Structure formats: C-alpha cells, structure tokens
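Subject: Structure handover

Hello,

Please find the structure below, together with the notes I made on it. Have a look at it first, then read on.

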Amino acid sequence: MLAARVYIVRHGETDENRLGIMQGQLDTNLNAIGIEQAQLTADALEMVPFTKAFSSDLKRAVKTAEMILKRHPHVELEQDPELRERNLGDWQGRKSTERGFRAPANAEPVGEFTGRAVRWWKERIIPCTTAWDGHGEPAHILVVSHGGLIGRLIVGLLESGRVEWATGSVLTTKCFNASISVLELQAHGGGEMVSYSDTTHLNVDFVESNADVQE
C-alpha cells in the first residue's frame with residue numbers, strides 16, 4: 001500500500017546557472033527567472049497536502065522551498081546541509097568550459113556524494129514510510145535540493161533496487177531548474193519513480209545544461 005509520495009524539486013535558476021558557472025556548495029541566490037520558476041512550481045504543487053518539507057540549507061534551495069510552502073503555512077521547513085550540492089572544490093566559481101577531465105583533489109568524490117544522498121534518504125524519508133500504520137492518507141513530502149544531488153540520489157536508489165521506474169515514466173538524463181520528480185513509496189520502503197525532471201508546469205525559459213554535473 002502507498003505510504004508516502006515524495007516530490008523532489010530542484011531549486012530555481014541562478015545567475016551562475018545562466019552563465020555556466022560551477023556553484024557546488026557556493027551559497028548563491030535565485031535570479032529573476034528563478035523566482036518566477038519557483039512561483040510556477042508553487043502553483044503546480046498548491047493542492048498537494050504536504051506533511052513534511054526538507055531542503056538544502058543553501059539559499060537558492062531554501063528560497064525555492066519557502067515560496068512553495070507559502071501555500072502550506074502549517075508545514076515547517078527543515079534545512080539540512082546533507083542535501084547540499086556536491087562540493088566541487090577548486091572548480092567552484094569557475095566556468096564549466098574551464099573544467100578538465102579530472103575533478104580537483106579537494107572535490108567530493110562521486111561515490112561519497114552518492115552515498116551521502118542515499119544515506120540521507122534512508123535516515124529521513126524511509127522512517128516516514130515505516131511509521132505509516134496503514135490508515136489514513138499517505139505522507140506527502142517536499143524535498144528541495146540541487147541537480148547533481150537529485151541525479152545521484154535517483155541513481156543510487158535505482159541501483160540499490162529499492163526504487164524502480166514506473167511503467168510509462170520518461171527517463172531523461174538532465175534535472176532542470178525548478179523541475180519536479182515524484183516517487184511513490186510503499187510501507188516496506190520500496191517504490192516507483194513516477195516522473196523525473198518534469199517541467200510541464202514551467203512556461204518560462206530554462207537553462208538546458210547543468211554546469212555542476214560532469215557529463
């Protein structure tokens with residue numbers, strides 16, 4: 001039985017996104033387009049009966065989450081540094097065109113980054129499913145984070161076998177600004193990826209590439 005539905009949102013656009021600058025864990029702000037994207041995302045999620053909300057503690061994610069939760073004033077936002085983007089070390093603040101083939105030595109290793117994302121999921125999301133007693137509505141959980149972390153989280157969950165692609169769901173390799181991904185979880189902790197990086201609620205321009213992600 002359905003125990004939880006998780007809505008994972010990437011933060012809205014920043015000037016650095018637009019300019020192709022690698023942000024990593026730099027604490028950057030949404031730009032005007034990002035604010036509009038966050039507003040459109042709030043519109044799309046207005047009727048979702050959220051019971052919990054988490055976000056990265058970086059300003060671009062917090063602002064996106066706060067705009068969504070204006071429609072859900074009873075839900076408290078929990079900011080968590082474990083939901084931050086990958087620490088890109090010396091790459092941070094530089095254009096992606098300046099990036100070499102090998103990450104700097106002080107960048108967070110991809111394996112550790114994936115492990116951080118999946119560990120957070122196990123510690124914070126899975127208990128929401130095991131706590132469900134089979135009665136009443138399932139939990140509806142908002143998670144606002146970053147493109148790299150969202151991508152690695154989904155890869156980690158799929159590779160573990162805990163989550164499978166739902167029939168008819170569309171696979172894309174990119175996680176766009178202010179996109180919405182939805183997972184449905186059962187009481188035993190397994191689940192399905194219903195949608196990934198959906199941008200059908202956005203009617204504004206958005207950046208096609210993500211400078212923080214190595215292609």
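The model is predicted, so local features are reported only at pLDDT of at least 70 and side-chain atom pairs only at pLDDT 80 or more, while totals for chains, interfaces and linings use all residues. Residues are numbered from 1 along each chain as its sequence is written, and side-chain values use heavy atoms, with hydrogens and water left out.

Sheet

Helices and strands are DSSP runs numbered from the N terminus (helices: H or I, at least four residues; strands: E, at least two). Strands count as paired if DSSP finds at least two bridges between them. On that basis 7 strands make up an open sheet with mixed pairing, in the order S3-S2-S4-S1-S6-S7-S5. The edges are strand S3 (77-79) and strand S5 (163-165); each has a single partner strand, so one side of each has no neighbour in the sheet. From one strand to the next, the twist averages 25°. For this and the other angles, axes are lines fitted to C-alpha atoms (for helices over the stretch in contact), and angles run from 0 to 180 degrees between N-to-C directions.

S1 and S6 are antiparallel and pair over 7 bridges; here valine 9 has isoleucine 180 in S6 as its bridge partner. S6 and S7 are also paired in the antiparallel sense, over 5 bridges. Leucine 183 is opposite methionine 193 of S7, and glutamate 184 has glutamate 192 of S7 as its bridge partner. S5 and S7 run parallel and are joined by 3 bridges, with tryptophan 165 bridged to methionine 193 in S7. S6 is mostly covered, with 5 of its 7 residues buried (buried means under 20% relative accessible area, exposed over 50%, partly exposed in between; 1.4 Å probe, protein chains only).

Cores

A nonpolar core is taken as a set of buried Ala, Val, Leu, Ile, Met, Phe, Trp, Tyr and Cys residues joined through side-chain atoms within 4.5 Å. The largest one has 26 residues, and those touching the most other members are Val6, Ile8, Trp121, Ile125, Ile141, Val143 and Leu183. Two or more residues each come from strand S1 (2-10), helix H4 (110-130), strand S4 (139-145), helix H5 (147-160), strand S6 (180-186) and strand S7 (191-198). H4 gives the largest share, 7 residues.

Which residues does valine 6 touch, not counting those up to four places away in sequence? They are Trp121, Ile125, Ile141, Val143, Ser181, Val182, Leu183 and Leu185, where contact means heavy atoms within 4.5 Å. Another core, of 18 residues, lies apart from the one described; Val9, Val48, Ala53 and Val75 are among its members.

Helices

On the H4 side the contact has Val110, Phe113, Thr114, Arg116, Ala117, Val118 and Trp121; on the H5 side it has Gly148, Leu149, Arg152, Leu153, Gly156 and Leu157. These residues split into 8 nonpolar, 3 polar and 2 charged (nonpolar: Ala, Val, Leu, Ile, Met, Phe, Trp, Tyr, Cys and Pro; charged: Asp, Glu, Lys and Arg; polar: the others, Gly among them). H5 also lies across S1, S4, S5, S6 and S7, and runs at about 145° to S1.

Helix H3 (residues 59-69) has 8 of its 11 residues buried: Arg60, Ala61, Val62, Thr64, Ala65, Met67, Ile68 and Leu69. These pack against S1, helix H2 (32-44), strand S2 (52-55), S3 and S4.

Two single residues

Alanine 187 sits in the loop between S6 and S7 and is partly exposed, at 34% relative accessible area. Leaving aside neighbours within four places in sequence, alanine 187 is in contact with Met1, Ala3, Thr129, Thr130 and Trp132. Leucine 19 belongs to helix H1 (residues 15-19) and counts as partly exposed, at 49% relative accessibility.

Regards
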